[in-house]
Amino acid sequence: NTRYHDLRHTMAVLLALARLMDGCAMSGRVLSDKGINLGIVCGLMHDTGYIQERDDPRGTGGKYTLVHIPRSIDYMHRYFAHDPVMGGEVSHFGDILYCTGVNVKIREIRFASPEIELLGKMLGTADLLGQMADRQYLERLLFLFREFSEAGVPGFENELDLLGKTVGFYGAIKERFAGDLG
């Protein structure tokens with residue numbers, strides 16, 4: 001995996017997701033046991049698209065920044081294809097994981113059910129919270145710039161430029177929380 005997308009981030013996402021699920025239950029909206037399991041599994045595996053294959057030793061997984069979501073979905077489909085518990089849920093992985101893409105228009109996703117939509121929005125929210133609430137978020141942006149450079153992500157000249165654009169990103173994310181992610 002990459003330095004920026006690491007186990008610490010995944011654990012922060014899982015913690016935020018668990019808190020969102022708990023808040024959902026406390027508000028009276030019940031998630032099914034299958035939905036809770038599906039959400040947790042998607043949270044655990046949402047960044048597997050950054051993992052390099054054995055025959056891919058060049059660079060880092062950061063080069064997959066622009067395609068990590070479909071790679072994560074593909075990995076989950078292969079991993080769970082014959083699993084007796086999660087195998088029947090593979091069609092939902094994409095809908096849930098695409099909600100973690102900051103440029104994805106969630107209202108254009110055709111969710112199989114309101115619960116799958118809620119799980120996707122919860123994971124999208126948890127992923128952003130897990131990233132931005134990290135007490136080392138600003139320091140970790142320097143590594144994010146390296147990932148963006150390796151992946152060819154446009155719009156950032158250097159680390160300082162990325163840091164400077166963080167305030168605008170924060171504003172856009174606040175709007176995403178209130179809008180697309182509900």
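Q: Which residues line the second largest pocket?
A: In this predicted model, the lining of that pocket consists of Leu-20, Arg-29, Pro-114, Glu-117, Leu-118, Lys-121, Met-122, Thr-125, Phe-177, Leu-181 and Gly-182. The space inside is about 160 Å³.

Q: What makes a residue such as Leu-20 part of the lining of the second largest pocket?
A: A lining residue has an atom within 4 Å of a pocket point. Leu-20 is listed among the residues that line the second largest pocket, so an atom of Leu-20 meets that limit.

Q: Which helix gives the largest share of the lining of the second largest pocket?
A: Helix α5 does, with 6 residues. By class, the lining holds 6 nonpolar, 2 polar and 3 charged residues.

Q: What is the volume of the largest pocket, and which residues are closest to its centre?
A: The volume is about 770 Å³. Of its 35 lining residues, Thr-65, Val-102, Asn-103, Phe-148 and Phe-169 are the closest to the centre. Helices α3 (68-80), α5 (114-132), α6 (137-151) and α8 (166-178) each supply at least two residues of the lining. The classes in the lining of the largest pocket are 21 nonpolar, 9 polar and 5 charged.

Q: How do you know that Cys-42 is in no disulfide?
A: A disulfide needs two cysteine sulfur atoms within 2.5 Å. The nearest cysteine sulfur to that of Cys-42 belongs to Cys-99 and is 9.9 Å away. The structure holds 0 disulfides.

Q: Why are Cys-42 and Cys-99 called buried?
A: Buried means under 20% relative accessible area. Cys-42 has 0% and Cys-99 has 2%, so both residues count as buried.

Q: Why is the pair of Phe-80 and Phe-93 called tilted?
A: Two rings pair if their centres lie within 6.5 Å, and those of Phe-80 and Phe-93 are 5.7 Å apart. Planes under 30 degrees apart would be stacked and planes over 60 would be edge-to-face. The planes here stand at 55 degrees, so the pair is tilted.

Q: Where in the chain are the two residues of this pair?
A: Phe-80 is in helix α3 and Phe-93 in helix α4 (residues 90-98), 13 residues apart, and the pair links distant parts of the chain. Phe-80 counts as buried at 7% relative accessibility, and Phe-93 is buried at 0%.

Q: Which residues form the aromatic cluster, and how many aromatic pairs does the structure hold?
A: Tyr-75, Tyr-79, Phe-80 and Phe-93 form one cluster. The structure holds 4 aromatic pairs.

Q: What makes Arg-71 a charge over the ring of Tyr-64?
A: The limit for CZ of Arg is 6 Å from the ring centre, along with an angle within 35 degrees of the ring normal. The charged end of Arg-71 is 3.6 Å from the centre of the Tyr-64 ring and sits over that ring.

Q: Is Gly-39 buried or exposed, and is Met-26 buried or exposed?
A: Gly-39, in helix α2 (residues 33-45), has 3% relative accessibility, which is under 20%, so Gly-39 counts as buried. Met-26, in helix α1 (residues 7-26), has 67%, which is over 50%, so Met-26 counts as exposed.

Q: How many residues separate Gly-39 from Glu-115, and Met-26 from Pro-57?
A: Gly-39 and Glu-115 are 76 residues apart in sequence and 10 Å apart in space, C-alpha to C-alpha. For Met-26 and Pro-57 the separation is 31 residues in sequence and 46 Å in space, C-alpha to C-alpha.

Definitions and conventions:
Residues numbered from 1 in each chain as written. Predicted model: local features only at pLDDT ≥ 70, side-chain atom pairs only at ≥ 80, totals over all residues. Heavy atoms only, no water. 1 Å grid on protein atoms, 1.4 Å probe; cavity = no way out; pocket = protein on both sides within 12 Å on 5 of 7 lines; lining within 4 Å. Points joined across faces, edges and corners; volume = space filled by probe spheres on them. Helix = DSSP H or I, 4+ residues; strand = E, 2+ residues; numbered from the N terminus. Nonpolar A, V, L, I, M, F, W, Y, C, P; charged D, E, K, R; others polar. Buried < 20%, exposed > 50% of the residue type's maximum accessible area, 1.4 Å probe, protein only. Phe/Tyr/Trp six-rings, centres within 6.5 Å; stacked < 30°, edge-to-face > 60°.
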